[in-house]
Each structure stands twice: as C-alpha cells, then as structure tokens.
Amino acid sequence: MNQPTRGYRVFQGVNGVILTLVVLVTLYPFVNIIARSFSGERQIRAGEVTLWPEGFNLTTYRIVFQDSMFWRNYGNTVLYTVVSTVVAMVLTTCYAYVLSKRNLKGRGVLVGVAVFTMFFTGGLIPNYVLVTSLGLKNSVWAIALPNAISVFNLLVMKAFFESLPTELEEAAEIDGLSTYGILLRVVLPLSKAVIATMLLFYSVSFWNSWFSAYLYMDRTELMPATVYLRNLISGATTGGNAGAGTEQLSQVGANIQAVTIVLTSLPILCVYPFVQRYFVSGVMLGAVKG
C-alpha cells in the first residue's frame, strides 16, 4: 500500500485546521445564545456573557413555563406543524410524480403554472379575502392550505423522480399495478432520502412560521408558540400573562430573545440528527437531471 505523500499530509492538516475553525465559528453564536438565555440581566447588558452563563438566572424560563397559555400555544404549534407537513407532503409528492412523466400531455403548462407562482403571488389582501371567504379562518387549514406546496421542494422531488429508472415502473405496470400502486409500492420506497429531506424542509418552515397564524387567527388560544414568544418579545403579553414585577420585567427584557431562540430551535435540533443522513443524499439526488 502506497504511503501518503508529504504534500497530501500537509493538505490534510491544513484542511483539518480550516474545517475546525469553520465549525468553531459556526457553533459560537449558538453557544452564546444558550449562555445568554441562562444569564443575569446585569451580566448580559455589560457584555460579560460569552460561552458560559454569567449570573445564572432562570427567571425568564420560569415566567414562560408557568404560563398555561404558552403550553397551549406550544401544543398548537405541534398540531399545525404535523397537519401542515402531512398535507404539504401528500400534495407535493403527487404533483411532482405527475410532472416527472415526460410523455404527459400538458406537462409544460403544469410546470409553468408552478414556476409562475415562484415569482408572482396574489398579494396579502387577496389571500386574506380568499381564506376568509372559504371559512378557513381560526382553523389549522388557514395555515396548511395556502402554504401547501413549495415550488422549490416540488422541483427537487420532480428531478428525483425523473432520475429513477423507468424500467422499474414498466415492470410494475406489467405485473398489474395501477398508477397509485406504482407510486406507493415502487417509487416511494426508493425515495426515502428525498422524502426525509422534504419532511425536514416543510416541518422547519411550518414550525418557525408565525405570520400566517398572526394574520388568520383571532383568538389567543389558537396561536402557535412563535406568536406567543413574538408578543412576549414586543412586551405585549409580558405583564398581562406573567404578572411580573419591575425587576422580573427587566430580566425578561434582557434575555427574552435568547430564550425564544432556544425554545423554538430545540425541537428541530432534536429531530434533525434522525434525518441528517438522508439530507445530503436527498438534495444531491434530486439535483440529478435525467
């Protein structure tokens, strides 16, 4: 076995140092945010917090966690994310599978309609009027349906389906499978990578979304946690919901942004390791053109 050359060993060393520095630079803001969320007001305002909490303080976490409305809104976030992601995956998968058929009549029109929506929308007011007239306000469907298909995700899935061997579908058709049978029993089992990637994209998007709920939900108990935390940051609900004193309000004002980032990012960070192994392969395979 040939030994690595000196130049290759130097390259490995330099490459390792550069990548380590990139990782450290990337991780620093996250670690700093976590440290700020557990730090005291004086230390935060004095800029003393770096990688470790200073003046350890759980006031903001306690105020948020003791509010029953937070947990109700957090449950809404889970519900909205799950329902919206399921709807989005079903519609995107079916649409992408149809567009992947090169011999489909009107395929160019369907692709054009999808791409058109990437650059032009009806506008905020027409969307609001449409959702209201359909009776979707104050329901999960006001969040799920208007954002059901991301054209970027659609095109990635379309490209992935196009990269699959057509002989597999032809063989399944000879065996008597219908179009839906081929999709469910042949295509989808071979598409775990791109499906996991799209699940991650959609779930993160719906989890972090707050404007749709802010626009279409009239009652506080229907809001997701992102709207609750937004209101807490702006000071709209701090005093009313928490009943906090002046000292507590000062502490909340100092690190509420850090606490918000931690609370909204933690669930996604817990899920990501389970789909990370599919992430790169799903995006790269979807980029292969047939």
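# Notebook: cavity, pockets and helix packing

I began with the largest cavity, whose lining has five nonpolar, three polar and no charged residues. In this classing, Ala, Val, Leu, Ile, Met, Phe, Trp, Tyr, Cys and Pro are nonpolar, Asp, Glu, Lys and Arg are charged, and the others, Gly among them, are polar.

The model is predicted: local features need pLDDT of at least 70 and side-chain atom pairs pLDDT 80 or more, while totals for chains, interfaces and linings use all residues. Residues are numbered from 1 along each chain as its sequence is written, and side-chain values use heavy atoms, with hydrogens and water left out.

**Entry 1. The cavity.** I looked up the lining and found Thr-77, Tyr-80, Thr-81, Ile-143, Phe-206, Ser-209, Ala-213 and Pro-224. Helix α4 gives the most, with three residues. The volume is about 40 Å³, and the structure holds one cavity of 30 Å³ or more. Points are joined across faces, edges and corners, and a volume is the space filled by probe spheres set on them.

**Entry 2. The whole chain.** I counted 15 helices and zero strands. Of the 290 residues, 37% count as buried. Buried means under 20% relative accessible area, exposed over 50%, and partly exposed in between, with a 1.4 Å probe and protein chains only. Of the contacts with a separation of 6 or more, 72% join residues 24 or more positions apart; a contact means heavy atoms within 4.5 Å.

**Entry 3. Thr-85.** I found Thr-85 in helix α4, residues 68-99. Its relative accessible area is 7%, so Thr-85 is buried. Its side chain reaches the backbone oxygen of Thr-81 at 2.6 Å, and Thr-81 is also among the residues that line the cavity. Leaving aside neighbours within four places in sequence, Thr-85 is in contact with Leu-199, Tyr-202, Ser-203 and Phe-206. Phe-206 is another of the cavity-lining residues.

I then checked Leu-200, which is found in helix α11. Leu-200 is buried because its relative accessible area is 8%. The C-alpha atoms of Leu-200 and Thr-85 are separated by 9.2 Å, although the two residues are 115 apart along the chain.

**Entry 4. The largest pocket.** I noted a volume of about 740 Å³. The lining has 28 residues, and Asn-127, Leu-145, Pro-146, Asn-147 and Ala-148 lie nearest the centre. Helices α5, α6 (124-133), α11 (192-208) and α12 (211-216) each supply at least two lining residues. By class the lining has 19 nonpolar, nine polar and no charged residues.

**Entry 5. The second largest pocket.** Here the volume is about 440 Å³. I found 18 lining residues, with Tyr-97, Ser-100, Lys-101, Asn-103 and Glu-169 nearest the centre. At least two come from each of α4, α8, α9 (166-174) and α10 (179-187). The largest share, four residues, comes from α9. The lining divides into seven nonpolar, five polar and six charged residues.

I also looked at α10 itself, where Gly-181, Ile-182, Leu-183, Val-186 and Val-187 are buried. The buried residues of α10 pack against α4, α8 and α9.

**Entry 6. Helices α5 and α8.** The axes of α5 (residues 107-119) and α8 (residues 151-163) come within 9 Å and cross at roughly 145 degrees. From α5 the contact uses Arg-107, Val-111, Ala-114, Val-115, Thr-117 and Met-118, and from α8 Val-151, Leu-154, Leu-155, Lys-158 and Glu-162. These divide into seven nonpolar, one polar and three charged. Axes are lines fitted to C-alpha atoms, for helices over the stretch in contact, with angles from 0 to 180 degrees between N-to-C directions.

**Entry 7. Asn-138.** I looked up the backbone of Asn-138 and found phi near 60 degrees, a positive value in a residue other than glycine. Most residues other than glycine have a negative phi. Asn-138 sits in the loop between α6 and α7 (141-144). Its relative accessibility is 24%, so Asn-138 counts as partly exposed.

Definitions and conventions:
Polar contact = N/O pair within 3.5 Å; in protein donor to acceptor, adjacent residues only side chain to side chain. 1 Å grid on protein atoms, 1.4 Å probe; cavity = no way out; pocket = protein on both sides within 12 Å on 5 of 7 lines; lining within 4 Å.
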